[in-house]
Amino acid sequence: MISTNAVMLMAGQGAQGGGSMQLILMLGIIVVFWLFMIRPQQKKAKEQKNFIENIQKGDKVVTIAGIHATVNRINEDNTIQIEVNPGSYLKIEKSAISVEWTLALNKANTPTVK
């Protein structure tokens, strides 16, 4: 981390050459922002897309509203039909499926082998 003395020194330099230090600090902030904000969001969006593309009929899913259901039909228009209860169907968009909750549900229902 930068000490207060370094910050005071940069502020005191002003037009005398402190611009290069400010540029380095700005680049450092941008790199940290990219590493901890942008890159994880891009990774999460890629995982969501791959998960949605691999949904098949009969998969147990959880929507972002918390509805537990089974996939009944996959339509061509980016929607799926889910069966909530026997005979009760909902038509939702694929993006309404929660990846984290669905993976947690399927992991909890998978028997462990010892």
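Me: Why is Lys44 called partly exposed?

Reply: Because its relative accessible area is 43%. Buried means under 20%, exposed means over 50%, and partly exposed is in between (1.4 Å probe, protein chains only). So 43% puts Lys44 in the middle class. This is a predicted model: local features need pLDDT of at least 70, side-chain atom pairs need 80 or more, and totals for chains, interfaces and linings use all residues. Residues are numbered from 1 along each chain as its sequence is written, and side-chain values use heavy atoms, without hydrogens and water.

Me: What makes Lys44 and Glu100 a salt bridge?

Reply: Distance and atom type. The rule asks for a side-chain nitrogen of Lys or Arg within 4 Å of a carboxyl oxygen of Asp or Glu. The closest N and O atoms of Lys44 and Glu100 are 3.8 Å apart, so the pair qualifies. The two residues sit in distant parts of the chain: Lys44 in helix H2, Glu100 in helix H3, 56 residues apart. The count by this rule is one salt bridge.

Me: Why is Glu100 called partly exposed?

Reply: Its relative accessibility is 45%.

Me: How do you know that the buried residues of H3 are on the same side?

Reply: The buried residues of helix H3 (residues 99–109) are Val99, Thr102 and Leu105. They cover an arc of only 135° around the axis, so they are on the same side of H3. The arc is that of the directions from the helix axis to the C-beta atoms. The face turned away from that buried side carries the exposed residues Lys107 and Ala108.

Me: What is found at the start of H3?

Reply: A side-chain oxygen of Ser98 comes to within 3.4 Å of the backbone nitrogen of Trp101. A polar contact is a pair of N or O atoms within 3.5 Å; within protein, one must be able to donate a hydrogen and the other to accept it, and residues adjacent in sequence count only if both atoms are side-chain atoms.

Me: What counts as a helix or strand, and how many are there?

Reply: Helices (H or I, at least four residues) and strands (E, at least two) are DSSP runs, numbered from the N terminus. The protein chain has three helices and four strands. Their order from the N terminus is α-α-β-β-β-β-α.

Me: Why is Thr79 counted as buried?

Reply: Its relative accessibility is 10%, which is under the 20% cut-off, so Thr79 is buried. Thr79 lies in strand E3 (residues 79–85). Its side chain makes a polar contact of 2.6 Å with that of Asp77. Leaving out residues up to four places away in sequence, Thr79 touches Ile74, Lys91, Ile92, Glu93 and Lys94. Contact here means heavy atoms within 4.5 Å.

Me: Why does Thr63 count as buried?

Reply: At 5% relative accessibility, Thr63 is under the cut-off and therefore buried. Thr63 lies in the loop between strand E1 (60–62) and E2. Beyond four places in sequence, Thr63 touches Ile82, Ile92, Ala96, Ile97, Ser98 and Trp101.

Me: Why is Asn75 called buried?

Reply: Its relative accessibility is 19%, under 20%, so the label holds. Asn75 is in the loop between E2 and E3. Not counting residues up to four places away, Asn75 touches Ile80 and Lys91.

Me: What phi does Asn78 have?

Reply: A positive one, about 65°, although Asn78 is not a glycine. Most residues other than glycine have a negative phi. Asn78 lies in the loop between strand E2 (68–74) and E3. At a relative accessible area of 40%, Asn78 is partly exposed.

Me: What makes up the nonpolar patch on the surface?

Reply: Val32, Phe33, Trp34, Phe36, Met37 and Ile38, with about 620 Å² of accessible area together. Patch residues have over 30% relative accessible area and no salt bridge; nonpolar side chains (Val, Leu, Ile, Met, Phe, Trp, Tyr) are joined within 5 Å, like charges within 9 Å. Areas come from the Shrake-Rupley method with a 1.4 Å probe; for residues, only the protein chains shown count as cover. Trp34, in helix H2 (residues 18–53), has a relative accessible area of 41%, so it is over the 30% limit.
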